Amino acid sequence: MEQLNEIFAIYLPQFHRIPENDIWWGEGFTEWDNVKAAVPLYKGHQQPQIPLNGYYDLSNLESIRTQAKILRQYKIRGLCFYHYYSIGRMLLQKPAELLLEADDIDIEYFFSWANHDWRRTWYRFNNEMLFKQEYGDSEEMLAHYAYLRKFFCDQRYKKINNKPVFIIYSSASIPNFDLLKKIWDSEARKDGFDGIYFVSTVTGKGVDINAVKYDAYFDFEPDSIIAEQVSPMLREIQSWRAKIIPKINKILPIKIFRQKFKYYYLLNASEKNKVDHHGKPYISGAFARWDNTPRHGYNARLILGSDPTLFKKMLNSRIHDKNGTGIVLINSWNEWSEGSNLEPNTIDEYSYLNVVKEVMNAD
């Protein structure tokens, strides 16, 4: 029997209240506010999405237990938590900390350091800085590792080659990665590991060809396809639209969507034009659907025509790919405001999760 790759899903820990969001977006704000406020912007537009299992609170451990039970039932091995850390300041860390404490929850997990600034770009706000990403000196790098140590030493934390897996969203943004790697690898060896398995994300900016000291790449979808695999002409057109249309939408009464793609086109592009990973292993990416109008309105990116059949085709191509790391990472479990969620809604219910289960059971 063929050994299939394991499936993980990206996990957004935004569904609980934190003091910073109270200040930035209003008292009691959580990601559910974006989800509930969504409206249909064209005929047949399925917004707002409503979670089939209710609006949960991720500061409640039972919410995480319920999700873990669904993950196991539908053959998803675990979660990749977004990790927000800037010179000792953290955001949205509570769900991962709750999982760490509840060692009876049988799922694997790892982190993706979302090392980007937070700005007031949702809705029609300005570009005000909310949370600046900073890195600090060697002492700060040690402090960051000291926080992560307890997770890395958890037997459920995903390792490759006896190295804890740690994805970095913007590898090009770290000013002194060589020093960070040296410090973290040294600390990891003290903890009985062979270093850290650093992964550079293929974002909308494409492959970071300077990530030579990283162990692998991660094809973050759909950004990786759009940046690396669609035709150069379409990429240029969409890049132009992304810059110009938000400006047009500020002055015209009739609004235009910033970017639109067809799911089947992106799927075909991803199968015909392979990403050049420069000889490195990679974590394959996949996505079920995409619609981030709840956050951005007409300045959103829409990917039209997604359905479980096409998603199954995409997932099959990834799960049988033997040139990667052994992980397929789906975007996402619960990015409701980006419309990429596998977590069931009242329209599709468990149809996308059933695809995952079917693919994993087929062999």
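**Entry 1: the end of helix 6**

I began at Gly192, which follows helix 6 and has a positive phi, near 95°. I note here that the model I am reading is a predicted one.

I then went back along the helix itself. Helix 6 covers residues 177-190, 14 residues in total. I looked up its reach from first C-alpha to last and found 20 Å, close to the 20 Å expected at 1.5 Å a residue.

Which residues of helix 6 are buried? I listed Phe177, Leu180, Lys181, Ile183, Trp184, Asp185, Glu187 and Ala188.

**Entry 2: Arg156**

I moved on to the loop between helix 5 and strand 7 (159-160), where Arg156 is found. Is Arg156 buried or exposed? Its relative accessible area is 6%, and the cut-off for buried is under 20%, so Arg156 counts as buried.

I checked what lies around this side chain. A polar atom of the Arg156 side chain lies 2.9 Å from the backbone oxygen of Leu99. Setting aside neighbours within four places in sequence, I found Arg156 in contact with Leu99, Leu100, Ala102, Asp103, Ile105, Ile107, Glu108 and Tyr109. I marked Glu108 in that list of contacts, to return to below.

**Entry 3: salt bridges**

Side chains of opposite charge can pair when their charged atoms come close. How many salt bridges are there? The count comes to 23. I looked up three of them.

The side chains of Asp22 and Arg17 meet in a salt bridge, at 2.9 Å from N to O. Arg17 is partly exposed, at 45% relative accessibility.

Glu108 turned up again, this time in a salt bridge with Arg77, at 3.4 Å from N to O. This pair links distant parts of the chain, 31 residues apart: Glu108 is in strand 4, and Arg77 is in the loop between helix 3 (61-73) and strand 2 (78-86). Glu108 is buried at 16% relative accessibility, whereas Arg77 is partly exposed at 28%. Both residues also belong to a network of salt bridges that links Glu6, Arg77, Asp106, Glu108 and Lys158.

Lys312 forms a salt bridge with Glu358, where the closest N and O atoms are 3.3 Å apart. Here too the pair links distant parts of the chain, with Lys312 in helix 11 (residues 308-319) and Glu358 in helix 12 (residues 351-362), 46 residues apart. Lys312 is partly exposed at 32% relative accessibility, and Glu358 is partly exposed at 42%.

Most residues other than glycine have a negative phi, and most peptide bonds are trans. I looked for exceptions.

Lys75 is not a glycine, yet its phi is positive, about 70°. I placed Lys75 in the loop between helix 3 and strand 2, and its relative accessible area of 38% makes it partly exposed.

Leu92 also has a positive phi without being a glycine, at about 60°. Leu92 sits in the loop between strand 3 (89-91) and helix 4 (94-101). Is Leu92 buried or exposed? It is buried, with a relative accessible area of 3%.

Where are the cis peptide bonds I noted? One joins Gln47 and Pro48, with omega about 0°; Pro48 is in the loop between helix 2 (31-37) and helix 3. Another joins Glu221 and Pro222, with omega about 10°; Pro222 lies in the loop between strand 10 (216-219) and helix 7 (223-228).

**Entry 4: two places at the surface**

Pro19 is found in helix 1 (residues 19-25). At 58% relative accessibility, Pro19 counts as exposed.

Last, I looked at a nonpolar patch on the surface. Ile251, Leu252 and Ile256 form this patch, with about 280 Å² of accessible area together. Ile256 is in the loop between helix 8 (232-251) and strand 11 (259-262), and it counts as partly exposed at 34% relative accessibility.

Key. Residues are numbered from 1 along each chain as its sequence is written. This is a predicted model: local features need pLDDT of at least 70, side-chain atom pairs count only at pLDDT 80 or more; totals for chains, interfaces and linings use all residues. Side-chain values use heavy atoms; hydrogens and water are left out. Helices (H or I, at least four residues) and strands (E, at least two) are DSSP runs, numbered from the N terminus. The expected span of a helix is 1.5 Å times one less than its number of residues. Buried means under 20% relative accessible area, exposed over 50%, partly exposed in between (1.4 Å probe, protein chains only). A polar contact is a pair of N or O atoms within 3.5 Å; within protein, one must be able to donate a hydrogen and the other to accept it, and residues adjacent in sequence count only if both atoms are side-chain atoms. Contact means heavy atoms within 4.5 Å. Patches are made of residues with over 30% relative accessible area and no salt bridge: like charges are joined within 9 Å, nonpolar side chains (Val, Leu, Ile, Met, Phe, Trp, Tyr) within 5 Å. Accessible areas come from the Shrake-Rupley method with a 1.4 Å probe; for residues, only the protein chains shown count as cover. A salt bridge is a side-chain nitrogen of Lys or Arg within 4 Å of a carboxyl oxygen of Asp or Glu.
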